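Hello,

Here is the model you asked about. Have a look at it first, then read my notes below.

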Protein chains: 2
Amino acid sequence: MSEVTATTAPEDDDELRAADGRVPGRRGRATRQKLLEQTADMLQTTAFRDLKVVDIARGAGTSPATFYQYFPDVEAAILVLAEEMAQQGMGLSESVRARSWKGKAAYASSQELVAEFLTFWETHRALLRVVDLATLEGDQRFRQARTRFQNELTVSLSEVIESLRKEARQPDDLDSMATAGVLVSMLGQVAAHRWGFEFWGIRTDDTSRSMARIIYSAVSGQKPPAA
Amino acid sequence: MSEVTATTAPEDDDELRAADGRVPGRRGRATRQKLLEQTADMLQTTAFRDLKVVDIARGAGTSPATFYQYFPDVEAAILVLAEEMAQQGMGLSESVRARSWKGKAAYASSQELVAEFLTFWETHRALLRVVDLATLEGDQRFRQARTRFQNELTVSLSEVIESLRKEARQPDDLDSMATAGVLVSMLGQVAAHRWGFEFWGIRTDDTSRSMARIIYSAVSGQKPPAA
DNA sequence: ATTTCGGGCTGATGGGTCGTCAGCCATCGA
DNA sequence: TCGATGGCTGACGACCCATCAGCCCGAAAT
């Protein structure tokens, strides 16, 4: 009858919880981790929509019911992986802030930004594809994660644009966030469809160079280098 | 709209066929059309993944089994709609070719291209979202339709770039298809996430202007107008 | 060492969707 | 009027999802 005792008071509500409200112990957290890893592995080879809970659970050496104890659905598990990745993605923004965008150095910085972005995308391509997908499908959880990551980069780029506003002689009413957002969108879309480009005989090198020139122009307001 | 006397043998193999190999008559084609319209209607209000065959069939005043007589699956029906839309999309390429890209006129042309593209996207947003989605999911049929449409625009833009190569003083080895592809990607991605931008307080006007300037710079090689 | 107890796990199951097929209905030419 | 062929559908088997009652197990308590 007496359900509430002093020992069961949920004082820490940000604590990790299982589906039934229990606080997982060591063993449980290990299982949860194994499920996450298995999900990440399968994502490398299996299309998002073909990911079956039963397969993930089986691959992790457990049963579907166990999966549901730690995640409400497959997307929730992927979301955890996405948040981890987004954390790493912050490094791109820091990189943008650390570089020099004065004078000629800006072109090199543009090139490096493109290269870093494409590398990051390639490293996490499976996850990023799912994030884009779920966002397009209207999933708010993923939209938020995606936005948080992209916005970080957008803000740092817009700060660069803002700091060069005078040198670039841009109109006072030009919105630096808009420009930065457009550039980040460009990077994201091209990275996502990189192989589509190559299918049409367009080399990644050429694509990268085009983007670097575009970024350089948009940021510095200067004509890109002739060679 | 050419009427072939329907009594003859199936000599034309590109003729429309039902699932069982029959050649649909008047009544059948009307039903097929009704199913297509119903699909288009539902797409306006229902997420792609939530489109049930039974709902489409019911809405068209028929049964699921009938739907399968004319389309192997929901995606096939949407694909038909997408091809129709892609046909309309060719107008964008023609528009690009028709405009003047010499001197100052190029900036106005850039602005108009952006406006036209965004308008087109808004008009067909439900369909285009599904096309993007299915392509991301790896559906080859949709990838092809998407590519055909985008590539048309890319080629026309690359021709413009090519024709201005000397005036723009661009490096000889700069790939105009790569640049054009990047620009089209940018347009597509921004159009798709337009409302995401607005959520962050970025006005569509500002976004459009940023894109117009970027396109102008990339095409003409000139600094965009100060005002 | 034994008991106890709660976290951890799963087999079995009900609900739901999908695509198909055998067979009924409608239309039209003869 | 009467086939004959195109058009349509009810019913069905196969499959996947998510859940829950109940068993297992290890560690703390005695």
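Helices (H or I, at least four residues) and strands (E, at least two) are DSSP runs, numbered from the N terminus. A residue is buried if 20 or more other C-beta atoms lie within 10 Å of its own, exposed if 12 or fewer, and partly exposed in between, with C-beta atoms placed from the backbone. Two residues are in contact if their C-beta atoms, placed from the backbone, lie within 7 Å.

Two notes on the source. This is a predicted model, where local features need pLDDT of at least 70, side-chain atom pairs count only at pLDDT 80 or more, and totals for chains, interfaces and linings use all residues. Residues are numbered from 1 along each chain as its sequence is written, while chains are lettered from A and ligands numbered from 1 in the order in which they are written.

Back to α7(A). Its buried residues are A:Phe142, A:Ala145, A:Arg146, A:Phe149, A:Gln150, A:Leu153, A:Thr154, A:Leu157, A:Ser158, A:Val160 and A:Ile161. From A:Thr147 to A:Ile161 is 14 residues along the chain, and their C-alpha atoms are separated by 20 Å.

The length of α7(A) agrees with expectation: its 24 residues should span 34 Å at 1.5 Å a residue, and the end C-alpha atoms are 33 Å apart. The expected span is 1.5 Å times one less than the number of residues.

**α4 against α7 in chain A**

The axes of α4(A) (residues 74-98) and α7(A) (residues 140-163) come within 9 Å and cross at roughly 5 degrees. The two helices are therefore roughly parallel to each other. Axes are lines fitted to C-alpha atoms, for helices over the stretch in contact, and angles run from 0 to 180 degrees between N-to-C directions. Angles under 35 degrees count as roughly parallel, over 145 as roughly antiparallel, 65 to 115 as roughly perpendicular and the rest as oblique.

On the α4(A) side, the contact residues include A:Leu79, A:Ala82, A:Ala86 and A:Met90. On the α7(A) side they include A:Phe142, A:Phe149, A:Leu153 and A:Leu157. By class, this contact has twelve nonpolar, three polar and five charged residues. Ala, Val, Leu, Ile, Met, Phe, Trp, Tyr, Cys and Pro count as nonpolar, Asp, Glu, Lys and Arg as charged, and the others, Gly among them, as polar.

**Chain A overall**

Chain A has eleven helices and zero strands. Of its 227 residues, 38% are buried. Among contacts in chain A with a separation of 6 or more, 64% join residues 24 or more positions apart.

**Chain A with chain B**

How many residues does each chain give to the contact? Chain A gives 42 residues and chain B gives 42 residues. On the chain A side, α6, α7, α9, α10 (194-199) and α11 each supply at least two residues. α9(A) gives the most, with ten residues. The chain A side divides into 18 nonpolar, 15 polar and nine charged residues.

**The DNA strands**

Around DNA strand C there are 19 residues, and A:Gly25, A:Gly28, A:Thr62, A:Ala65 and B:Ala65 are the closest. A residue is near a strand if its C-beta atom, placed from the backbone, lies within 6 Å of it. Two or more residues each come from α1 (26-45) and α3 of chain A and from α2 (53-59) and α3 of chain B.

DNA strand D also has 19 residues around it, with A:Ala65, B:Gly25, B:Gly28, B:Thr62 and B:Ala65 nearest. The surface near DNA strand D has eight nonpolar, seven polar and four charged residues.

**Two spots in chain B**

The axes of α9(B) (residues 176-192) and α11(B) (residues 204-220) come within 11 Å and cross at roughly 175 degrees. That makes α9(B) roughly antiparallel to α11(B).

B:Ile56 sits in helix α2 of chain B. B:Ile56 counts as buried, with 24 C-beta neighbours inside 10 Å. Leaving out residues up to four places away in sequence, B:Ile56 touches B:Leu35, B:Gln38, B:Thr39, B:Met42, B:Leu51 and B:Phe67.

Best wishes
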